[in-house]
Amino acid sequence: MGSNETPGWRRLNVGIIGGGIGGMSAAIALRRAGHLTTIYERADFAGEVGASVSCAANGTRWLHAWDVDVAKGDPVVLRKLINRDWKTGEPVSVYDLDDYEKRWGFVYNMFHRQFMHRMLMDCALQKEGKGTPSTLHVNHKCESINLDTTTITFTNGVTAQHDIIVGADGIGSAVRTAIGIQPAKRPAEQSCLHTNVSTEEAVRAGLVDYSQNSALEYWGGQEGKWDKIVLSPCNDGKLLSYYCFFPREKGDYATQTWASEDRPVEELLAPYPELDRNVFKHLAIGKEIRPWRLWLHDPYPYLSRNRVCLLGDAGHPMMPHQSQGACMAIEDAAALGILFGEDHFRGDIDEVMAVYDDIRLPRVTRVQAAAAKAAYNINERIGFSVNKNISTYKVEDPKKILTIEEMNAYDMHKDVEEQLAARRGEVFAQKFIRGLPIGLELPSGVIIGESN
Ligand SMILES: Cc1cc2nc3c(=O)[nH]c(=O)nc-3n(C[C@H](O)[C@H](O)[C@H](O)COP(=O)(O)OP(=O)(O)OC[C@H]3O[C@@H](n4cnc5c(N)ncnc54)[C@H](O)[C@@H]3O)c2cc1C
């Protein structure tokens with residue numbers, strides 16, 4: 001670095017446990033902030049999940065801020081969110097994303113998970129770009145952490161000591177256990193099977209070419225029902241990734257892992273006798289049918305302890321229904337990059353960890369709660385949550401809906417400055433509260449800075 005002006009700033013040796021989307025993002029953000037980063041991954045990525053992952057503007061903005069080569073992710077830029085009638089397939093609620101980039105500065109990307117992961121990993125490890133390239137050790141599964149010495153012990157017998165440790169080890173996090181969190185969790189009332197459909201094959205079979213819509217499309221999800229089909233086009237539209245939800249009583253996959261054997265197509269189709277035949281026929285040619293186990297975790301009380309913090313699903317696993325899991329992991333990483341960056345870090349790790357909790361917990365907890373609600377009511381889903389003029393629109397509390405405005409108008413730099421000032425007993429005089437501009441009226445009617 002050499003150019004930093006902040007007294008007390010020092011280069012840290014950071015250990016990152018877990019080399020998924022969150023771990024790679026943390027490595028990028030922290031190397032760019034001037035630190036040395038080592039990623040420890042339990043696997044070797046051979047079994048990476050073949051499914052889509054969406055990245056709305058609040059995630060995409062950081063990819064650009066970090067000079068990630070987004071084209072490597074071969075994304076589909078989403079143009080619409082479409083909710084269709086379960087039986088007829090007719091659109092019920094449509095949210096247009098045509099002005100999305102103009103409004104928010106960044107597009108809504110749909111990636112294939114393996115491509116997104118590779119894109120992030122390349123950026124973390126490559127020589128080019130700001131900071132020192134990260135080091136990756138695969139086949140290093142974290143077993144335990146000594147919180148006093150910040151030392152990791154791996155199941156292969158290796159130990160490693162770091163100045164700070166980032167636990168990006170996913171929903172079954174070992175780091176979470178190490179910092180004393182026992183999740184209150186239960187299987188969701190909903191099950192999910194995922195399948196991939198090749199657009200080329202579908203078109204060859206004379207089926208509807210959904211790739212033309214460049215849309216995230218949903219069948220059902222209304223009226224408190226657990227049944228829902230989610231279609232996400234990725235790889236420039238060549239692949240259609242389908243998430244198929246149904247009540248758990250119709251098939252319980254709560255204890256099955258993604259890495260299990262492919263399921264027979266009959267099992268995928270069985271819960272859907274009344275589903276729109278156009279999409280049903282797509283599912284009938286689906287490949288790689290795998291269960292995605294769904295668990296609800298109550299929010300955790302904290303994200304960090306001593307010099308160890310959680311990031312991504314390790315810190316806030318959420319239901320998939322707001323498509324924000326990856327974005328929240330990316331935002332966590334961005335927060336660490338800013339907090340440990342040359343503008344703010346004065347060498348006090350405890351202070352940074354406390355502010356990380358201050359800024360991340362409220363935001364991720366809100367998204368987590370909204371994701372659980374959207375599981376059985378698509379009107380609670382960001383985007384559809386403002387389509388109030390459709391006949392089936394009904395939400396739990398109109399003042400509490402989560403909207404695109406709240407997600408994308410959020411300025412993390414301002415939030416960091418405000419919370420750091422509070423910790424330091426300094427005055428924060430800018431016209432922002434928790435990263436949102438004072439006076440901004442959200443579609444819920446809530447005006448930032450006014451008591452509602
Ligand atoms: C099939 C599927 C589809 C999804 N679709 C979407 C979507 O459309 N939009 C969205 O926003 N989110 C989606 N998500 C969720 C999103 O992928 C996650 O929220 C996001 O990847 C979180 O990243 P993470 O790095 O925290 O966890 P992960 O990506 O799960 O990475 C955790 C990593 O830690 C490693 N690890 C685990 N334990 C250890 C250990 N003890 N030691 C070392 N390494 C360990 C794992 O091998 C893994 O590589 C999807 C998830 C799945 C499974």
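This is a predicted model: local features need pLDDT of at least 70, side-chain atom pairs count only at pLDDT 80 or more; totals for chains, interfaces and linings use all residues.
**Entry 1: a hairpin to begin with**

I opened with β16 and β17, which form a hairpin with four residues between them; Asn235 in the turn has a positive phi of about 50°. Residues are numbered from 1 along each chain as its sequence is written.

Next I looked at Asp236, which lies in the loop between β16 and β17. Its phi is near 55°, a positive value in a residue other than glycine. Is Asp236 buried or partly exposed? Asp236 counts as partly exposed, because it has 15 C-beta neighbours inside 10 Å. The cut-offs I use are these: buried means 20 or more other C-beta atoms within 10 Å of the residue's own, exposed means 12 or fewer, and partly exposed is in between, with C-beta atoms placed from the backbone.

**Entry 2: the partners of β16**

I then followed β16 (residues 228–234) in both directions. Seven bridges join β16 to β17 (residues 239–247), and the two run antiparallel. Cys234 stands opposite Leu239 in β17. Strand β15 (residues 215–220) is also antiparallel to β16, joined by four bridges, and Tyr218 stands opposite Val230 in β16. Two strands are called paired if DSSP finds at least two bridges between them.

How many of the residues of β16 are buried? I found seven of its seven. Both faces are covered: Lys228, Val230, Ser232 and Cys234 are buried on one side, and Ile229, Leu231 and Pro233 on the other.

**Entry 3: Phe111**

Leaving aside neighbours within four places in sequence, Phe111 is in contact with Ser52, Val53, Cys55, Gly73, Pro75, Met116 and Cys234. Contact means that the C-beta atoms of two residues, placed from the backbone, lie within 7 Å. Phe111 counts as buried, since it has 29 C-beta neighbours inside 10 Å. I also took one distance: Phe111 and Val175 are 64 residues apart in sequence and 28 Å apart in space, C-alpha to C-alpha.

**Entry 4: two domains**

The chain is divided into domain 1 (13–75 + 111–183 + 298–426) and domain 2 (186–296), with bounds that come from an automatic or database domain assignment. Their C-alpha centres lie 27 Å apart. Across the boundary, 19 residues of domain 1 are in contact with 25 residues of domain 2. On the domain 1 side, β3 and β7 (109–112) each supply at least two of the residues that touch domain 2. By class, that side has eleven nonpolar, seven polar and one charged residues. Nonpolar covers Ala, Val, Leu, Ile, Met, Phe, Trp, Tyr, Cys and Pro; charged covers Asp, Glu, Lys and Arg; the others, Gly among them, are polar.

**Entry 5: around the ligand**

I found 35 residues surrounding the ligand, the closest being Gly18, Gly20, Gly22, Gly312 and Gly325; a residue is near the ligand if its C-beta atom, placed from the backbone, lies within 6 Å of it. The shell has 17 nonpolar, 13 polar and five charged residues. At least two residues come from each of α1 (21–32), β3 (52–55) and α9 (325–339), and α9 gives the largest share, four residues.

That sent me to α9 itself. Its 15 residues reach 21 Å from first C-alpha to last, close to the 21 Å expected at 1.5 Å a residue, where the expected span is 1.5 Å times one less than the number of residues. I checked its cover too: 15 of its 15 residues are buried.

**Entry 6: an open sheet**

Last, I traced six strands that form an open sheet in the order β8-β2-β1-β12-β21-β20, with mixed pairing. β8 (135–137) and β20 (304–305) stand at the edges with a single partner strand each, so one side of each is left without a neighbour in the sheet. β20 pairs with β21 (residues 308–310) in the antiparallel sense over two bridges.
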